[in-house]
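Here is a short tour for anyone about to work with these coordinates.

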Amino acid sequence: MTAATHASLFPQVPDSADAVLDGLDPEQREVATTLRGPVCVLAGAGTGKTRAITHRIAYGVRAGILQPSTVLAVTFTNRAAGEMRGRLRQLGAGGVQARTFHSAALRQLQFFWPKAVGGEVPRLVERKVQLVAEAAARCGVRLDRNELRDVTGEIEWSKVTQTVPADYPAVIAKSAREAPRSPAEISQIYSMYEQLKRDRGVIDFEDVLLLTVGILQDRHDIADRIRSQYQHFVVDEYQDVSPLQQRLLELWVGDREDLCVVGDASQTIYSFTGATPDHLLNFRVRHPQATVVKLVRDYRSTPQVVHLANGLLAQARGRAAEHRLELISQRSPGPDPVYKEYGDEPTEAEGTARRIRDLIAAGVPASEIAVLYRINAQSEVYEQALADAGVPYQLRGAERFFERPEVREAGVALRGAARAGGNDPLLDDAVDLPSQVRAVLGTKGWRAEAPAGSGAVRDRWESLAALVRLAEDFARAREGATLSDLVAELDERAAAQHAPTIQGVTLASLHSAKGLEWDAVFLVGLTEGMMPITYAKTDEQVEEERRLLYVGVTRARLHLTLSWALSRSPGGRASRRPSRFLSGLRPGSTGGPVAGLPGGAGGSGGIERGAAARRKHRGPVRCRVCGKSLTDGGEMKLMRCEDCPSDMDEALYERLHEWRSVQAAETGQPAFCVFTDKTLMAIAEAVPSSETELTRIAGVPARKIARFGADVLKICAGQEPTGDSGED
């Protein structure tokens, strides 16, 4: 997000109710001034929905129509609730309650429990997962840590959809939901979990809603008291409410009509948690007299980005698609979205890192750039590419790849097996390095076949599978490599990704990017099987994947790049296809409308093919000593196999190494951001005497020649470097 100015951090409070309405567009003003009766605001991405509803509350308070203490504004995250309270204070409407569903229900439960039940409200269970683990153990079911997390999530889903343990198997059988274990086992664990809670007098987060609903249903006097306290309700992100939250809302409101809901069915991406857009789409059915206002003026994104977003939804199917909003950009035209096809995933990551460096060099702050992917396991190759390019980054919603518990556990197991060598019985039947890794990681949950469905088990498997693939690539690149060699490689990679944490490019999954925005967004890995994800089987699940991509597109204000790789690794078979969701949108594809925008307001953008895709017709890079094909990036820099004889000038390498240390200290960067060890080795072997010869070395791009070329050539010539490296 762009840094706020002093004026935006401390704005002047409007001096009157009418002044609150200043700056609102006609539709936002309609929302703000319609203070009675049911109101449904259908708000597209970037249309200023939070602005509209906060100004609505503030206008009502400042005009004396609403009393602050009688307004309850409900949203879904503490961050969003805090932001809403802050905006209301800035508008002179302090005292309004802005809370999450759970926070509001917990306050009411704590206040009314002594009267409704007697005594103190039961304490909240601190570690739900531990209680689920005990329930599973008592049922004779063994769960690993990730299965435990998934089963816990399944219990939470059951409770918010108001599914009791006995009904769980039948509900799963009727739905397209993938259960992480057999439905009968989960039903049994769920039932035991509830019994343990009762025995110990504790409740969980979902019980807060369930118990509040129960009290309001059974005690009409308490329900009436809450309704006399809160007379006006506003619900944000209404497309994400669960059946349980909807029931609580109905009990709060009673038979009154002063309810305003805000949402966008096209941004429903949390159905796996029990969320459903049906309540939003059925609002007019439940409230025939409702005022419906559509916010479609997009103040976030350029016409080019908005055109792509509209085209993406134009191909959607299903009920949510029937209520899609056609956004209209209010910004000046910007660059067209860029479509890039690469030969393999590492090249895609490297290409993305290069484009990010170009944007930063052009003045785009690193904190205003994001790389968004479908699953967290995709982050590692982008972490590596950005680290190699010297670009600072931060992960949102996930640990760094090498800090993930399953990856650290795998590293410990591989290191132990490497130390044991031939004495480890796990390795008795392993014939090569990849089979050794598969055997070791098999003890940590890796299997040849991916687990069905999504969730923590799938996430863990994806991380372990990434390590297996890395081992396979490493073995192909380094003939005769041992398990110890692989462990050293993993340690080297992990060290390269542990630079000090600073504000930088955001790496995030599409789900965790909801509600955020950046100047530049890179949507990566857009291939069939990843977008839509392979376990999206039903039409509804596929359409939710389309909405997820739509959310990603609409995070971009100005620059948008969409990319995919035709194969996983260098030299692999180009068997992948771009996501079906891009058909008819990217140039040269068919399957959907690609209408141009009038007046140069943009279109779907030109397609650019990455370097690896353009070079597909060329042969593989071969070792200059033995002629073997090279696939490892480090070996391709050296232009020889790691084990082939080296003609490196050792003294020159040491001088380059010392010079790099000085440069790293002066610039405040990790040493590898100047040049990697492999690049220094390649320079010491080639001993270039001109910039032309220096450019032939992989890992020495033009920007590094401009910055470090003169010093490097002087060192190669036996002279002292000037030490004046200039600036990027």
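A residue counts as buried when its relative accessible area is under 20%, as exposed when that area is over 50%, and as partly exposed in between. Please keep in mind that the model is predicted.

**Q245 and its helix**

With that cut-off in hand, consider Q245: its relative accessible area is 8%, so Q245 is buried. Q245 belongs to helix α13, which covers residues 243-253. Which backbone atom does the side chain of Q245 reach? That atom is the backbone nitrogen of S242, at 2.9 Å. Leaving aside residues up to four places away in sequence, Q245 touches F76, F101, H102, L209 and D240.

Two of those partners, F101 and H102, return in the packing of α13 with helix α6 (residues 101-116). The axes of α6 and α13 are 12 Å apart and meet at an angle of about 55°. On the α6 side, the contact is made by F101, H102, A104, A105 and Q108, and on the α13 side by Q245, L248, L249 and W252. As for handedness, α6 passes α13 in a left-handed crossing.

**Helix pairs side by side**

Two packed helices are described by the angle between their axes and the distance between the axes. The table sets out these values for the pairs in this report.

| Helix pair | Angle between axes | Distance between axes |
|---|---|---|
| α6 and α13 | about 55° | 12 Å |
| α11 and α12 | about 105° | 5 Å |
| α27 and α28 | about 140° | 9 Å |

Take α11 (residues 205-218) and α12 (residues 220-229) next. Angles of 65 to 115 degrees count as roughly perpendicular, and α11 and α12 are therefore roughly perpendicular to each other. Their contact brings together I215, L216, Q217 and D218 of α11 with H220, I222, A223 and I226 of α12.

The remaining pair joins α27 (residues 650-667) to α28, at an angle of about 140°. That makes α27 oblique to α28, and the crossing of the two is right-handed. From α27, the residues L652, Y653, L656, H657 and R660 meet D677, L680, M681, I683 and A684 of α28.

How many of the 10 residues in α28 are buried? Seven are, which leaves the helix (residues 677-686) mostly covered. The buried residues in α28 are T679, L680, M681, A682, I683, A684 and E685. Among these, L680, M681, I683 and A684 also take part in the contact with α27. Just after α28, V687 takes a positive phi of about 45°.

**A loop and a strand**

P392 sits in the loop between α19 (379-388) and β13 (393-396). P392 and V505 are 113 residues apart in sequence, yet their C-alpha atoms are 6.2 Å apart in space.

R396 lies in strand β13. With a relative accessible area of 35%, R396 is partly exposed. Not counting residues up to four places away in sequence, R396 touches R79, T506, L507, A508, S512 and L516. R396 and N376 are 20 residues apart in sequence, with a C-alpha to C-alpha distance of 9.8 Å.

**Cysteines**

The structure holds zero disulfides. For C260, the nearest cysteine sulfur is that of C40, 8.2 Å away, and C260 is in no disulfide. A pair of cysteine sulfur atoms must be within 2.5 Å to count as a disulfide. C260 is buried, with a relative accessible area of 0%. C716 is buried too, with a relative accessible area of 13%.

**The whole chain**

Stepping back, the protein chain contains 30 helices and 17 strands. Of its 728 residues, 52% are buried. Among contacts with a separation of 6 or more, residues 24 or more positions apart account for 75%. The pair P392 and V505, 113 residues apart in sequence and 6.2 Å apart in space, C-alpha to C-alpha, is a handy place to begin looking.

Methods. Residues are numbered from 1 along each chain as its sequence is written. This is a predicted model: local features need pLDDT of at least 70, side-chain atom pairs count only at pLDDT 80 or more; totals for chains, interfaces and linings use all residues. Side-chain values use heavy atoms; hydrogens and water are left out. Helices (H or I, at least four residues) and strands (E, at least two) are DSSP runs, numbered from the N terminus. Buried means under 20% relative accessible area, exposed over 50%, partly exposed in between (1.4 Å probe, protein chains only). A polar contact is a pair of N or O atoms within 3.5 Å; within protein, one must be able to donate a hydrogen and the other to accept it, and residues adjacent in sequence count only if both atoms are side-chain atoms. Contact means heavy atoms within 4.5 Å. Axes are lines fitted to C-alpha atoms, for helices over the stretch in contact, and angles run from 0 to 180 degrees between N-to-C directions. A crossing is left-handed if the near helix is turned anticlockwise from the far one by less than a right angle, and right-handed if clockwise. Angles under 35 degrees count as roughly parallel, over 145 as roughly antiparallel, 65 to 115 as roughly perpendicular and the rest as oblique.
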